[in-house]
Amino acid sequence: MLHQADVTALPVTDASFDRALSVQVLEYVADPAAALAELHRALRPGGRLVVWDVDWSTVSWHSADPDRMRRVLAIWDGHLADPCLPRTLAARMRSAGFGDIRAEGHTFASAEFTPDSYGAAVLPLIQQYVAGREDITGEAAGRWAAEQHELGERGEFFFACIQFCFTATRPG
Ligand SMILES: C[S@@+](CC[C@H](N)C(=O)[O-])C[C@H]1O[C@@H](n2cnc3c(N)ncnc32)[C@H](O)[C@@H]1O
């Protein structure tokens, strides 16, 4: 059965799952402690949790206008509840009662503007979000995105960020 629900109020009975997976969700949740408490409640003792989130402060993105890039990424941070959640996630998992907590960082890096690269994939999402916010007009957001296409055409595109995978167990 498939449920669509808020992660802080899961419509499932206690200890009813062997595994739980959360991919780029907790970074959007205002109360990650409540979400982790729910995941802990839903897992059976011995059940495993995998949480994947991005630390957006790790983004390294080439631009001839680094000040505009910095402002665009600062505005983009505003669409997240916590753009640096991985920094505190292990401690939050421990507080929620999880054990055997491990963290691994995965670098998503691309020196080519290909549709399957993470940087190229998030470009239109960021353009849409920042357009008309703070000092970034729709036109400025368009110029910001256009520069990345131009860099790609010239073979000068570069994007990298670190995405973190945390695994943990509900103690038996
Ligand atoms: C960037 S998307 C990730 C979607 C998918 N996991 C993936 O990796 O493609 C963020 C997702 O978090 C979900 N989300 C945000 N807050 C949530 C909450 N409180 N409870 C459940 N889901 C939430 C949104 O509905 C959205 O689907």
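Where in H4 is the kink centred? The kink in H4 is centred on proline 124 and amounts to about 30°. The model shown in these views is predicted.

View 1. Helix H4 covers residues 118-130. Its 13 residues, at 1.5 Å a residue, should span 18 Å. The bend of about 30° is centred on proline 124. Just after H4 comes glycine 132, whose phi is positive, about 85°.

**View 2. The buried residues of H4.** Which residues of H4 are buried? They are Tyr118, Gly119, Ala120, Val122, Leu123, Ile126, Tyr129 and Val130. In an α-helix, residues three or four places apart point the same way, because there are 3.6 residues a turn.

**View 3. Aspartate 100 in strand E3.** Strand E3 holds aspartate 100. This residue is not a glycine, yet its phi is positive, at about 50°. Is aspartate 100 buried or partly exposed? Its relative accessible area is 40%, so aspartate 100 counts as partly exposed.

**View 4. Glutamate 134 between two helices.** Glutamate 134 sits in the loop between H4 and H5. Its phi is positive, near 50°, and glutamate 134 is a residue other than glycine. With a relative accessible area of 73%, glutamate 134 is exposed. The cut-off for exposed is over 50%.

View 5. Serine 110 belongs to strand E3. At 13% relative accessible area, serine 110 is buried; the cut-off is under 20%. Which backbone oxygen lies 2.6 Å from a polar atom of the serine 110 side chain? The backbone oxygen of glutamate 112 does. Beyond its neighbours within four places in sequence, serine 110 is in contact with Ser117, Phe157, Phe158 and Phe159.

**View 6. Helix H1 and its packing.** Helix H1 runs through residues 32-42. Its buried residues are Pro32, Ala35, Leu36, Glu38, Leu39, His40 and Ala42. What do the buried residues of H1 pack against? Their partners are strand E1 (17-23), E2 and helix H3 (86-95).

Key. Residues are numbered from 1 along each chain as its sequence is written. This is a predicted model: local features need pLDDT of at least 70, side-chain atom pairs count only at pLDDT 80 or more; totals for chains, interfaces and linings use all residues. Side-chain values use heavy atoms; hydrogens and water are left out. Helices (H or I, at least four residues) and strands (E, at least two) are DSSP runs, numbered from the N terminus. The expected span of a helix is 1.5 Å times one less than its number of residues. The bend at a residue is the angle between axes fitted to the seven residues ending there and the seven starting there. Buried means under 20% relative accessible area, exposed over 50%, partly exposed in between (1.4 Å probe, protein chains only). A polar contact is a pair of N or O atoms within 3.5 Å; within protein, one must be able to donate a hydrogen and the other to accept it, and residues adjacent in sequence count only if both atoms are side-chain atoms. Contact means heavy atoms within 4.5 Å.
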